[in-house]
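Please read this report alongside the sequence and the 3D view.

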There are 2 protein chains.
Amino acid sequence: MGLFDGVEPSAPTVKTEVPGPKSKEQIADLDKVFDTRAVNMLTDYKASIGNYIADPDGNVLLDVYAQIASIPVGYNNPYLKEAMKSDEVVDSLINRPALGNFPSTNWASILRSGLLKVAPKGLNQVFTALAGSDANELAYKAAFIWKRQQQRGGYNVDFTEEELLSSMNNQSPGASELSILSFKTAFHGRLFGSLSTTRSKPIHKLDIPAFDWPQATFPLLKYPLEEHVEENRKAEQDALAEVEHLIKTWHLPPAAVIVEPIQSEGGDNHASPEFFRGLRELTKKHDVLLIVDEVQTGVGATGKFWAHEHWNLTTPPDLVTFSKKAQTAGYYFGNTELRPNKAYRQFNTWMGDPTRALLFRAIIEEIEKNDLVSKTARVGDYLYGKLEALATKYPGQFLNLRGKGQGTFIAFDNPKRDEFVKKAKSFGVNIGGSGASAVRLRPMLTFEEKHADILIDALERIVKSFA
Amino acid sequence: MGLFDGVEPSAPTVKTEVPGPKSKEQIADLDKVFDTRAVNMLTDYKASIGNYIADPDGNVLLDVYAQIASIPVGYNNPYLKEAMKSDEVVDSLINRPALGNFPSTNWASILRSGLLKVAPKGLNQVFTALAGSDANELAYKAAFIWKRQQQRGGYNVDFTEEELLSSMNNQSPGASELSILSFKTAFHGRLFGSLSTTRSKPIHKLDIPAFDWPQATFPLLKYPLEEHVEENRKAEQDALAEVEHLIKTWHLPPAAVIVEPIQSEGGDNHASPEFFRGLRELTKKHDVLLIVDEVQTGVGATGKFWAHEHWNLTTPPDLVTFSKKAQTAGYYFGNTELRPNKAYRQFNTWMGDPTRALLFRAIIEEIEKNDLVSKTARVGDYLYGKLEALATKYPGQFLNLRGKGQGTFIAFDNPKRDEFVKKAKSFGVNIGGSGASAVRLRPMLTFEEKHADILIDALERIVKSFA
């Protein structure tokens with residue numbers, strides 16, 4: 001039984017090219033006040049339902065991009081709609097608290113019944129934020145503060161006069177000369193600190209000042225995995241050795257290593273659980289924090305609630321960041337020493353958003369009620385099998401198929417990727433790319449076998465049209 | 001006629017110390033999952049109304065701090081409550097768009113009927129964000145991109161191969177060696193770029209890596225102004241000379257200067273319209289952008305919708321950032337060349353939040369319907385007069401009274417500031433500080449003469465209790 005059985009269409013409707021005439025007119029109008037050069041599809045959200053996205057020209061497409069992987073349980077989900085009509089939500093919208101100074105009497109209960117209910121194992125606290133970029137930057141700040149406390153001689157050692165004065169001039173020792181180590185082809189956001197760790201594409205980074213922080217090679221696995229076992233193992237070992245070398249030698253020592261369970265924006269690059277366990281060991285060994293960026297991988301799409309559950313770590317990551325499908329953002333942590341040693345060091349006016357925390361709570365309830373995470377694991381296996389068959393049938397079209405056992409978080413490369421993604425709309429599917437040549441599948445958690453069949457059919461028609 | 005006549009209390013109720021026993025118990029419980037060291041007052045938002053904030057112990061205080069200056073039109077404002085129950089709002093909450101890729105069909109109309117209706121004169125476009133920090137950082141990015149386009153030889157000149165490659169390594173020329181010039185004691189946020197321009201207190205900055213960006217002295221005016229005309233003029237001329245010197249000589253040349261119309265967090269530091277006009281001239285002369293940070297000053301509290309309207313500029317600022325009372329954030333601009341020359345350079349997943357844009361629209365409607373900006377100018381004058389009288393009656397207690405003609409955006413220094421602010425609660429008022437010694441008044445736009453009388457009475461009782 002699908003969540004939207006009987007309410008969503010049984011197949012896509014393609015009436016015009018996308019954008020069609022009405023969309024074009026409205027986009028031109030919007031462009032007068034808002035940059036529209038990145039517009040993919042002007043969207044009629046009222047007419048969108050479940051797994052289907054609609055536009056003003058009457059096109060209704062199966063959506064496996066889902067607002068850049070951020071819609072969790074379908075458009076116009078009726079359970080969310082009811083939840084968002086509650087007095088609690090309206091109150092939280094019109095009386096937005098400065099949570100650090102004036103938390104609401106229900107904030108503890110909102111956290112416990114929502115965000116903390118799904119906290120990664122071993123992490124029992126949360127610092128809330130507004131989007132993935134600032135969640136990561138707040139985690140970086142927590143890491144810098146923690147590392148400097150340690151270097152200073154412990155949690156309760158006070159700042160020196162020199163630190164206090166130099167901090168105001170953006171100089172060391174007050175401003176620390178530390179770094180965050182990230183991986184090549186990683187994406188962690190676009191603000192100044194997060195962008196310094198983002199290494200996916202020049203267009204994100206050009207002209208923006210950046211910190212001189214280190215980057216390690218992310219192991220670039222070869223597919224099919226079973227044919228490249230030794231090569232891939234070596235790539236991962238080399239990557240770990242490079243991480244260790246950079247930790248030991250970089251002129252601005254890393255306070256933390258940040259990594260995505262699957263590099264998403266950067267091209268759907270996977271690594272093995274062994275690699276991530278090795279990274280956990282290395283960071284432990286060198287007393288550097290491990291930040292797992294679950295902004296895109298979190299909340300079920302990989303067939304586990306958090307993608308790092310696939311790794312079977314013996315000690316949890318130090319910090320796990322989230323956003324997108326959670327519809328709110330922040331970082332989880334367990335070690336109380338990651339609370340800075342004084343108040344107001346990790347602080348801002350709003351410090352998160354109770355309305356969105358309530359929305360995430362409703363999302364969690366909807367996921368649990370309908371068992372959507374294990375369902376996504378099952379549908380992902382089904383979809384992966386069908387894609388394997390397509391890859392065999394159309395050699396050279398579904399290259400480096402990846403994401404086996406990772407729910408619906410699946411990708412493949414296509415030599416004409418941009419055309420592939422564009423053409424998908426004419427066959428009824430809204431689909432995204434990642435990196436230089438990947439087609440990334442990011443369906444919602446409400447994606448069923450029947451949707452997989454429609455998707456597979458469309459993909460086959462796209463590659464046939466290339467012939 | 002006050003907006004909350006008949007529904008809000010006629011006076012504060014003080015039942016216990018703050019926090020009282022119930023609050024203390026609940027704060028201890030919250031602390032298990034959320035850092036509470038900065039908690040000022042656990043708040044019962046359901047019981048708060050209009051200008052009054054309530055806690056679980058039955059204390060109901062006149063609130064002239066207003067969630068760090070971010071509540072615009074009163075707690076539980078009935079007009080906002082109705083607006084937030086609309087289908088349009090519920091739809092926008094449950095179907096959150098990735099605005100850059102999939103804008104909603106009503107996005108242009110939401111912008112035009114809300115955000116853009118109150119755009120500062122000369123600025124007809126907006127880039128939406130989520131909070132003050134990221135609004136400022138996005139403005140910085142726009143400035144860096146613009147300046148490098150100019151240095152490269154124009155809007156349409158493409159990147160070099162060297163730029164593309166070096167950007168991925170966080171190195172020049174791809175990562176620019178430019179800066180943002182800010183002022184000493186300024187506050188512009190706490191993410192890595194914005195924090196590099198924040199110079200208010202070490203506690204915000206300690207241990208966080210920072211860019212080596214320049215800071216100029218903000219003119220520290222002496223009060224009363226009429227007794228220090230020449231001295232203050234000289235302080236402002238010296239500050240402008242320092243700005244010019246830094247623009248001409250700093251090793252990382254500024255792409256923009258950012259300034260608050262009134263330095264808020266940093267101590268309620270004012271400067272004259274002449275100073276700001278001088279700054280506009282200087283930035284024009286040296287082809288550097290002027291960013292006006294209206295995060296705390298915007299949306300009416302100074303008796304104008306935007307505080308920089310007090311300056312009578314002949315050419316508008318290049319970018320104006322906003323957040324707080326707008327309940328959403330972003331930057332306004334006018335020059336179309338501040339749209340980067342290619343798509344995806346200024347981009348992120350959500351790029352703002354239609355729900356909050358709808359909330360701001362309702363706030364604007366409520367402000368216009370009730371003429372709250374000119375009312376705030378009037379009540380501010382009334383309040384300022386009463387404070388002048390208090391300052392005369394209690395010498396040494398209301399020092400450097402400032403904000404004349406700036407609506408209710410008024411402050412004074414007190415030698416026992418921390419105790420003053422703490423004690424205010426026992427006399428029925430919730431009040432905040434800024435900088436090292438300022439008491440900052442930040443009432444909502446619904447603050448009336450009758451509230452001013454209650455506030456004045458409480459202030460008098462506080463200083464009497466010091467005797």
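Predicted model: local features only at pLDDT ≥ 70, side-chain atom pairs only at ≥ 80, totals over all residues.

Residues are numbered from 1 along each chain as its sequence is written, chains are lettered from A and ligands numbered from 1 in the order in which they are written, and side-chain values use heavy atoms, with hydrogens and water left out.

## Symmetry

Two copies of a chain are related by a rotation about an axis and a shift along it.

## Aromatic rings

Rings of Phe, Tyr and Trp (its six-membered ring) pair if their centres lie within 6.5 Å; planes under 30 degrees apart count as stacked, over 60 as edge-to-face and the rest as tilted. By this rule there are 54 aromatic pairs over all chains. One of them joins A:F144 and A:W213: the centres are 5.8 Å apart and the planes stand at 50°, so the pair is tilted. A:F144 belongs to helix α6 (residues 132-152) of chain A, while A:W213 sits in the loop between α9 (202-205) and β5 (215-216) of chain A, so the pair ties together parts that are 69 residues apart in sequence. Helices (H or I, at least four residues) and strands (E, at least two) are DSSP runs, numbered from the N terminus.

B:Y344 and B:F347 also form a tilted pair, because their ring centres are 4.6 Å apart and their planes are at 55°.

| Residue | Relative accessible area | Class |
|---|---|---|
| A:F144 | 0% | buried |
| A:W213 | 2% | buried |
| B:Y344 | 34% | partly exposed |
| B:F347 | 8% | buried |

A charge sits over a ring if NZ of Lys or CZ of Arg is within 6 Å of the ring centre and within 35 degrees of the ring normal. The charged end of A:R442 is 3.7 Å from the ring centre of A:F409 and sits over that ring. In chain B, B:K369 lies over the face of B:Y79, 3.6 Å from the ring centre.

## Nonpolar core

A nonpolar core is a set of buried Ala, Val, Leu, Ile, Met, Phe, Trp, Tyr and Cys residues joined through side-chain atoms within 4.5 Å. The largest one has 222 residues. A:F183, A:Y332, A:F360, B:F183, B:Y332 and B:F360 have the most contacts inside it. Contact means heavy atoms within 4.5 Å. Beyond its neighbours within four places in sequence, B:F183 touches residues including B:R199, B:F218, B:V243, B:F275 and B:L279.

## Strands

Two strands pair if DSSP finds at least two bridges between them. Chain B has an open sheet of seven strands in the order β3-β9-β8-β7-β6-β4-β5, with mixed pairing. Its edge strands are β3 (125-129) and β5 (215-216), each pairing on one side only. Five bridges join β3(B) to β9 (residues 329-333) of chain B, and the two run antiparallel. B:T128 stands opposite B:G330.

In chain A, β1 (residues 52-54) and β2 (residues 60-63) run antiparallel, joined by three bridges. A:I53 has A:L61 as its bridge partner. Five residues lie between the strands of this hairpin, where A:G58 takes a positive phi near 90°. β2(A) also runs parallel to β12 (residues 429-430) of chain A, through two bridges. There, A:L62 stands opposite A:V429.

## Two helices

Helix α4 (residues 87-94) of chain A is largely enclosed by the rest of the structure, because six of its eight residues are buried. These are A:V89, A:V90, A:D91, A:S92, A:L93 and A:I94. They pack against α3 (78-83) and α12 (354-369) of chain A, together with α3 (78-84), α4 (87-94) and α12 (354-369) of chain B.

A:Q237 lies in helix α10 (residues 229-249) of chain A. A:Q237 is partly exposed, at 49% relative accessibility.

Terms used
Buried < 20%, exposed > 50% of the residue type's maximum accessible area, 1.4 Å probe, protein only.
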